Amino acid sequence: MRHFSHDWRRYGGPVDDSELLARLIDGDERAFVEIVTRYQPLLVRVARFYVKSDASAEDVAQDTWIAVLNGVERFEGRSSFKTWLLHILVNRARTTGAKEGRVRPIDLTWSEGTALSKRFDEGGFWREAPVPFTEVIENGMVNAPMVARVHEQIEQLPEVPRAVVTLRDVEGLSTTEVASLLDITEANVRVILHRGRSLIRSAIETTLQGGVS
Amino acid sequence: MRVLPHALVCQEAVDLVSDYVDGTLSRRDRRRLEKHLANCDACTAYVEQIRMTIAASGMVRHDDLSPEALETLTDLFRRFNDER
């Protein structure tokens, strides 16, 4: 089941990764549980980009945790823990994917369609101006139903844009990190992001106008 | 002779917005876009919509870990700890 949850945010924010890692090095099982709860879904999702099946992605993620347990004492904190973890994962996922003969579906012709282009007249000006999304803001934050809608929309994106939007906008990695993790150029990351964001924006707009996309 | 770029129309402006909010536009394109935005409320609203879209994506949480997956990983941790 997919759902939106605030999890740890409800209780005054997350425990910092570096504190959890220090506890993990001391053999604290609760710290391990907290870290895997935080990152395992992301690992499986990113691994799935490289390997043939969900089961295979879960195996790769599990191997990654073994590597983390073996190597965490050597983690020097020069990158964030998340970046370090994802690089371990992707190295393993690439090897597994290559063994499986997986062909990654890089389709850069993917586009958001003509929904947005129809909004402009022959001169390239808006036929009808976009309206600010003020009604989805509650207490300075985007409200939960809209976040759920955005989540749905991300899930419906084709594989490559889904991976790009997830890593960049959901996980907050830099464009450079995303390009490196997914083996695509930064220019392509930017193009894909532009299209993905614009598609999600259109979905929010349609929802606010009471339509179904 | 330096060729001056033509002024952007809205449809061209929106194509630059994603890079603009990420700060990855070239200085030249940023200037062109900002010049357009200064006179275009519609595109300014679009920029805000894209910012809000990104903010909403940043609030998406992944699926929770299933109890079975958590148990498998916890077992892995216990075996690792026993062996070291």
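Helices (H or I, at least four residues) and strands (E, at least two) are DSSP runs, numbered from the N terminus. The structure shown is a predicted model, in which local features need pLDDT of at least 70 and side-chain atom pairs count only at pLDDT 80 or more, whereas totals for chains, interfaces and linings use all residues. Residues are numbered from 1 along each chain as its sequence is written, and chains are lettered from A and ligands numbered from 1 in the order in which they are written.

**View 1. Chain A and its secondary structure.** The secondary structure of chain A consists of eight helices and two strands, and along the sequence these elements follow the pattern α-α-α-α-β-β-α-α-α-α. Of the 213 residues of chain A, 38% count as buried, where a residue is buried if 20 or more other C-beta atoms, placed from the backbone, lie within 10 Å of its own, exposed if 12 or fewer do, and partly exposed in between. Among the contacts in chain A with a separation of 6 or more, 63% are accounted for by residues 24 or more positions apart, two residues being in contact if their C-beta atoms, placed from the backbone, lie within 7 Å.

**View 2. The two domains of chain A.** Chain A is divided into domain 1 (7–100) and domain 2 (117–208), with bounds that come from an automatic or database domain assignment. The C-alpha centres of domain 1 and domain 2 of chain A lie 26 Å apart, and seven residues of domain 1 of chain A are in contact with seven residues of domain 2 of chain A. On the side of domain 1 of chain A that touches domain 2 of chain A, the elements giving two or more residues are α2 (29–48) and α4 (81–100) of chain A. By class, that side of domain 1 has five nonpolar residues, one polar and one charged; here Ala, Val, Leu, Ile, Met, Phe, Trp, Tyr, Cys and Pro count as nonpolar, Asp, Glu, Lys and Arg as charged, and the others, Gly among them, as polar.

**View 3. Chain B on its own.** Chain B has four helices and zero strands, and from the N terminus on its elements run α-α-α-α. The radius of gyration of chain B is 24 Å, well over the 12 Å that the globule rule gives for 84 residues, so chain B is more spread out than a compact globule; the radius is taken over C-alpha atoms, and the rule is 2.2 Å times the number of residues to the power 0.38. Taken along the principal axes, the C-alpha atoms of chain B fill a box of roughly 75 × 30 × 15 Å. Buried residues make up 27% of the 84 residues in chain B, and of the contacts in chain B between residues at least 6 apart in sequence, 61% join residues at least 24 apart.

**View 4. The interface between chain A and chain B.** In this interface, 38 residues of chain B are in contact with 45 residues of chain A. Helices α1 (10–22), α3 (41–58) and α4 (67–83) of chain B each supply at least two residues of the side of chain B that touches chain A, and α3(B) gives the most to that side, with 14 residues. The side of chain B that touches chain A has 19 nonpolar, 10 polar and nine charged residues.

**View 5. Helix α6(A) against helix α3(B).** Helix α6 (residues 159–170) of chain A and α3(B) pack at an angle of about 90°, with their axes 8 Å apart; axes are lines fitted to C-alpha atoms, for helices over the stretch in contact, and angles run from 0 to 180 degrees between N-to-C directions. The two helices, α6(A) and α3(B), are therefore roughly perpendicular to each other, a term that covers angles of 65 to 115 degrees. The contact is made by V165(A), D169(A) and V170(A) of α6(A) and by I54(B), S57(B) and G58(B) of α3(B).

**View 6. D183(A) in a loop of chain A.** D183(A) is found in the loop between α7 (175–182) and α8 (186–208) of chain A, and D183(A) has a positive phi of about 60° although it is not a glycine. With 12 C-beta neighbours inside 10 Å, D183(A) counts as exposed.

Notes: Parallel < 35°, antiparallel > 145°, perpendicular 65-115°, else oblique.
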